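Please find below a note on the model under review.

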Amino acid sequence: MIAPTRMALMAACALSLTAPAARALDLNDMTEAEQTAFGAAVRSYLMENPEVILEAVDVLEQQQAQADARRDEALVAANLQELQDDGYSWVGGNPEGDITLVEFMDYRCGYCRRAAPEVEALLAADSNIRFVIKEFPILGDASVLSSRFAIATKLVAGDAAYKDIHDTLIAFTGEPNEVAMRRMAEGLSLDADAILAKMDAPEVTEQLQRTRTLAQTLSISGTPTFVLEEEMLRGYLPADQIQIMIEEIRAARS
């Protein structure tokens with residue numbers, strides 16, 4: 001529902017557009033009689049022209065979206081180094097690619113699981129994308145355990161092992177307990193004991209905290225959230241839409 005004050009302001013704007021010769025309207029300098037007359041005029045106008053409200057709301061929403069986009073661009077620009085090259089997040093695709101795509105993800109997030117094959121298809125189709133994964137577990141203890149396991153795998157066994165575990169976890173629908181994680185590691189011929197022992201290490205906690213702090217700075221509260229170069233993409237997007245944006249960025253650079 002639109003607040004009465006906002007409705008009155010929108011109607012006043014509409015009335016002023018239809019009567020340009022009228023004196024300027026000051027809502028803060030009206031007598032009681034003028035306020036009553038104005039209220040009646042507003043109601044009459046809106047009853048006769050209800051579409052004005054929808055038009056004004058559309059304009060308001062567009063302005064808000066533009067303001068949000070400008071804010072996001074400023075936040076991303078101020079934190080670009082931490083986003084794209086923090087020194088600990090896994091980097092895939094083409095590490096020397098001309099476009100960097102960052103994803104904040106949670107292994108228990110249904111939309112992250114939906115996005116995973118889309119991202120893989122995008123990277124397969126475009127060999128010039130640098131892809132960065134940010135472990136951002138926000139959906140409870142199971143999410144945190146999964147991210148700790150993935151990060152510990154990277155620290156113990158390297159980037160290739162991390163990607164294998166990442167792909168396994170994003171498709172895993174069970175509970176990520178010790179038995180399940182050990183089975184995953186051993187199934188990939190990894191040192192399960194070393195990885196499990198590393199999960200509570202200070203460096204694992206530090207990585208999770210740094211990513212969480214970055215997300216808070218960027219006002220990221222949901223997953224997946226993508227950052228394409230300096231543009232924030234909040235929520236799930238199909239690969240073809242991201243590809244169109246990438247082509248637009250490249251075209252603007254040429």
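**Note on the predicted model**

1. S189 is placed in the loop between α8 (178–187) and α9 (192–198); helices (H or I, at least four residues) and strands (E, at least two) are DSSP runs, numbered from the N terminus. Although S189 is not a glycine, its phi is positive, at about 60°. S189 is exposed, with a relative accessible area of 69%; buried means under 20% relative accessible area, exposed over 50%, and partly exposed in between (1.4 Å probe, protein chains only).

2. This is a predicted model, in which local features need pLDDT of at least 70 and side-chain atom pairs count only at pLDDT 80 or more, while totals for chains, interfaces and linings use all residues. Residues are numbered from 1 along each chain as its sequence is written, and side-chain values use heavy atoms, with hydrogens and water left out.

3. E229 also has a positive phi, of about 55°, although it is not a glycine. E229 lies in the loop between β4 and β5 (231–234). E229 is buried, with a relative accessible area of 15%.

4. A cis peptide bond joins T223 and P224, with omega at about -5°. P224 belongs to the loop between α10 and β4 (225–228).

5. The chain comprises 11 helices and five strands. Of its 254 residues, 40% are buried. Among contacts (heavy atoms within 4.5 Å) between residues at least 6 apart in sequence, 75% join residues at least 24 apart.

6. Helix α6 (residues 141–157) packs against helix α10 (residues 202–217) at an angle of about 120°, and their axes are 10 Å apart. Axes are lines fitted to C-alpha atoms, for helices over the stretch in contact, and angles run from 0 to 180 degrees between N-to-C directions. α6 is therefore oblique to α10; angles under 35 degrees count as roughly parallel, over 145 as roughly antiparallel, 65 to 115 as roughly perpendicular and the rest as oblique. On the α6 side the contact is made by S147, R148, I151, A152 and L155, and on the α10 side by E203, V204, T205, Q207 and L208.

7. Not counting residues up to four places away in sequence, F149 touches I165, L169, M181, M184, A185, I195, L196 and M199.
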